[in-house]
Amino acid sequence: MKRFWKKLAEMLVTLLGVTFLTFCLSVLAPGDPAAMVLEAGDHIVSEELLAETRHEMGLDQPFLVQYGRWLGGVAHGDLGLSYSAKKPVAEKLMEGSTGTFFLAAVTVCFMLIISLPLGIWSAVHRNRWPDYLVRVGSFIGVSMPNFWLGLILLYVFGLKLGLFPITSSSVTAKGVVLPALTLAIYQSAKYVRQVRTVILDELHQDYVVGARARGISERRILYLHILPNALLPLITLLGMSIGWLLGGVAVIEVVFSWPGIGNMAVHAITMRDYPLVEGFVLWIAIVYMVINALVDLSYAYLDPRLRRTLGKGGGN
Amino acid sequence: MKRSWMKKMWKTVALGLTSVLAAGIFAGCGGGGNSAGDTKTLKVGVTNFADTLDPLENYFAWVVVRYGLGESLTKFDEKMDTQPWLAESWSVADDKLTWTFKIRDGVKFSNGDPLTAEAVKSSIELVFEKVPRAKTFFEYDSITADGQTLTIKTKTPQPGMPGYLADPLFLIVDTKADEGRDVRKEGPICTGPYMVESFVKEKAVMKKNPNYWDGDVPFETVEVDSIDDPNTRAMALQSGDVDMAVNIAAGDMDVFRGNDKFEIKEISSLRDVLARLNQKPDHILSDPKVRAALISGCDRESYNQTLLRGTFITGSAPVPPSLDYGFDQMKDPNSYNPERAAKLLDEAGWKDEDGDGIREKDGKKLQLHFVVYNSRAELPIYAEAVQSDLKKLGFDIVIDTVDYNLLDNIGIKGEYDLLISNILTANTGDPELFMKGYWMTNTNGDNPQNGSGYSNPKYDEKMHQLSAEFDKGKRRQLIMEMEQILLDDGASLFLGYPQTNIVSSKKLTGVEMYPSDYYWITNKIRPAK
């Protein structure tokens, strides 16, 4: 229980620090949210109108007052009103997060489908043609820009073959396939190498030699002994990828017109939409904290050795 | 024990993954966009900036009008002349303050309520009550309503009044109907051909307004997808995902040009891309000869026709050709002529003494800072083209790229030699505000937008006349004379005017592109026979 409270206090301090820093950076960055809102019409705006709008938005208040107000709101569950969207930040985040969660989930599935078998195949056939093939493939995958790959997939599967819609605009199973595939190909290109390395490491462990000596089939060694051991380092990576995906993938969202949180964040920064930027940062901070906690927990669950140490540690 | 757990896990994972994949692929197989011959639904691809449909917030009213939901008292035609819309006619009294608008009879809001002068009055009053921006158009002493007659008495004479009321901010809503509705998602109750069924930023679904006043409404449903990426927008149009798309990018236009399945409507917009020239006393460009040399050293024709592939019209005058202000009659003394430019520089005393290719005078290099931002793709292209052309003449142009956020301040403070601008010249149908903001003399900050130091008493004099002139013909004449003064003075470098377009499938007729960019979806758009 004591550990829980300590952890919670740590999280709160981190959140406070992150939001304060973001607020500082937003305000220090040149630019005027009032002007951004008014000049969206792209014509000449008078100084009086700018001053009036700044006052209305509370931007003429001292920096600390603005931050204090925002913090006070957050403590009451109110993330404020987005300048550019003119709707509550919480509502805006909710709108984007459905798409982002769904896209992240499907991407992770695709990524595992692609990278696990290929990584294993490549490790098992080390320095033979399957290995070279996978390594070259992963090299190409990493080097291809995301948006370009996305456009190519759209061109082939959307325009030429007509299998998938060109625009998603709303969260649908049909619409998620191409953006998820684009992200998954890019991510898999990195994962394949990781999977390969981890499996290769395990292949040389004593327990593998022992198992072979006992005449256990290669296949059984691979799936029942090596894979579970290889999972641990991969889960850490996976956690980071999920965090990255949940932070939104602006370029992909734009290319596929996918309603997500990433494009919203980029837009919020360009528009100097401070409340929305703060809301987004809060979201990202929480996502990473939760994922880290889950990764820690999964270690304990998957690795009996860790479970034992943790169990002891907890008792102290 | 362990083996069975592993097996189970792998089975579950494999099953899960397969079903996700299968779901995706099967769902995909049914796709393929709009089925041919669907005359019930119109699908449109645009870029939408509005998060809600509340016309009182930011510039969201633009979207309400663009989507065919809202209408205003007046509208702009293809020449940006003000035409009747919900107002049948109007007149101004001899006091130049009292405007009388005759509200069209028989118009109903989409909920069936009649459009009366009283309804128009409360709609306009609401805008003034809620939106500070409203009073930058005009301020009023009183608005009175009598049957279908609306009288607005302005505080000062406002020659541009009919055009101001065409701004989407003044679209007419049924203020009585707002109670109990979530205007942000359901949209306001207006008089347009379509009304909202559902709205999020990414997708709007609209249905036919059964009470529409101006002829029949051809489509039962209109779906508007916001597609931000220009390549994707073009592909969506090619694949039939959408029937028409607003603003296809330069690089994609070739796909549609000469393709008999598509119709292109292209028009020069109301925008002007220009470089403001800092001519304050201690600046290099305060010398008119150097300004003239700079302007005539730039081959603007090739920037627009070659580099920008004809998606921009070559710049010369301050007001773009989409507005009827005698664009072709203007005489640009500084049209492209590099020999003349070199001669002018020699005359002004700028010579390359040390042979490094850059001219100097009194030990000072002919170095100028060109401040640009790059969130609009064409701006860096213009800047680099100018840099390269002027290098041949012995200018050293340094390009300073800044965030768009900084631009306004740099302009006001005059911290530049050249400053890029991509600006709407006449959102009210008349370039008065634009001509005033950029070039009227700025005395002690009374015209802060003019940070360039440009000042010409003759120009100011005409500006004063313009602000009190009601006669349309005389206004046009004044504006043309003012434009000529700016050209003669080499006040700014006018680079080009962007074209905008709507590309549509030949399955549709009646698609039009207006320079004002407010009217995308109308009931004139219908299935081709």
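**View 1. Strand 20 of chain B and its antiparallel partners in the predicted model.** B:Val273 faces B:Gly496 of strand 20 of chain B. Strand 13 (residues 271-277) of chain B, joined to strand 20 of chain B by 4 bridges, runs antiparallel to it. B:Gly496 of strand 20 also stands opposite B:Thr314, and strand 14 (residues 312-314) of chain B is linked to strand 20 of chain B by 3 bridges in the antiparallel sense. Strand 12 (residues 262-268) of chain B pairs antiparallel with strand 20 of chain B over 7 bridges; here B:Glu266 is opposite B:Asn501 of strand 20. Strand 11 (residues 244-246) of chain B has 3 bridges to strand 20 of chain B, again antiparallel, and B:Val246 has B:Ile502 as its bridge partner in strand 20. Strand 20 (residues 492-505) of chain B is mostly covered, with 13 of its 14 residues buried.

**View 2. An open sheet of 4 strands in chain B.** The strand order is 4-5-7-6, and the pairing is antiparallel. Strand 4 (87-92) and strand 6 of chain B form the edges, each pairing on one side only. From one strand to the next the twist averages 15°. Strand 5 (residues 98-103) of chain B is paired with strand 7 (residues 149-154) of chain B in the antiparallel sense through 5 bridges, and B:Trp99 lies opposite B:Ile152 of strand 7 of chain B. Helix 3 (residues 117-130) of chain B lies across strand 5, strand 6 and strand 7 of chain B. This helix 3 of chain B runs at about 155° to strand 6 of chain B.

View 3. Apart from neighbours within four places in sequence, B:Ile143 contacts B:Lys121, B:Ile124, B:Glu125, B:Leu150, B:Thr151 and B:Ile152. The C-alpha atoms of B:Ile143 and B:Ile124 are 8.9 Å apart, with 19 residues separating the two in sequence.

**View 4. Helix 5 of chain A against helix 6 of chain A.** The axes of helix 5 (residues 89-124) of chain A and helix 6 of chain A come within 7 Å and cross at roughly 135°. Helix 5 of chain A is therefore oblique to helix 6 of chain A, and their crossing is left-handed. A:Leu118, A:Trp121 and A:Ser122 of helix 5 of chain A meet A:Trp129, A:Pro130, A:Asp131 and A:Val134 of helix 6 of chain A. This contact has 5 nonpolar, 1 polar and 1 charged residues.

**View 5. Helix 6 of chain A against helix 8 of chain A.** Helix 6 (residues 129-143) and helix 8 (residues 173-203) of chain A have axes that come within 7 Å and cross at roughly 140°. These two helices of chain A are therefore oblique to each other, and the crossing is left-handed. Helix 6 of chain A contributes A:Asp131, A:Val134, A:Arg135, A:Ser138, A:Phe139, A:Gly141 and A:Val142 to the contact. Helix 8 of chain A contributes A:Tyr186, A:Ala189, A:Lys190, A:Val192, A:Arg193 and A:Arg196. By class, the residues of this contact are 6 nonpolar, 2 polar and 5 charged.

View 6. A:Glu202 has a relative accessible area of 14% and is buried. Residues up to four places away in sequence aside, A:Glu202 touches A:Tyr207, A:Val208, A:Ile226, A:Asn229 and A:Ala230.

Terms used:
Residues are numbered from 1 along each chain as its sequence is written. Chains are lettered from A and ligands numbered from 1 in the order in which they are written. This is a predicted model: local features need pLDDT of at least 70, side-chain atom pairs count only at pLDDT 80 or more; totals for chains, interfaces and linings use all residues. Side-chain values use heavy atoms; hydrogens and water are left out. Contact means heavy atoms within 4.5 Å. Axes are lines fitted to C-alpha atoms, for helices over the stretch in contact, and angles run from 0 to 180 degrees between N-to-C directions. Angles under 35 degrees count as roughly parallel, over 145 as roughly antiparallel, 65 to 115 as roughly perpendicular and the rest as oblique. A crossing is left-handed if the near helix is turned anticlockwise from the far one by less than a right angle, and right-handed if clockwise. Ala, Val, Leu, Ile, Met, Phe, Trp, Tyr, Cys and Pro count as nonpolar, Asp, Glu, Lys and Arg as charged, and the others, Gly among them, as polar. Buried means under 20% relative accessible area, exposed over 50%, partly exposed in between (1.4 Å probe, protein chains only). Two strands pair if DSSP finds at least two bridges between them.
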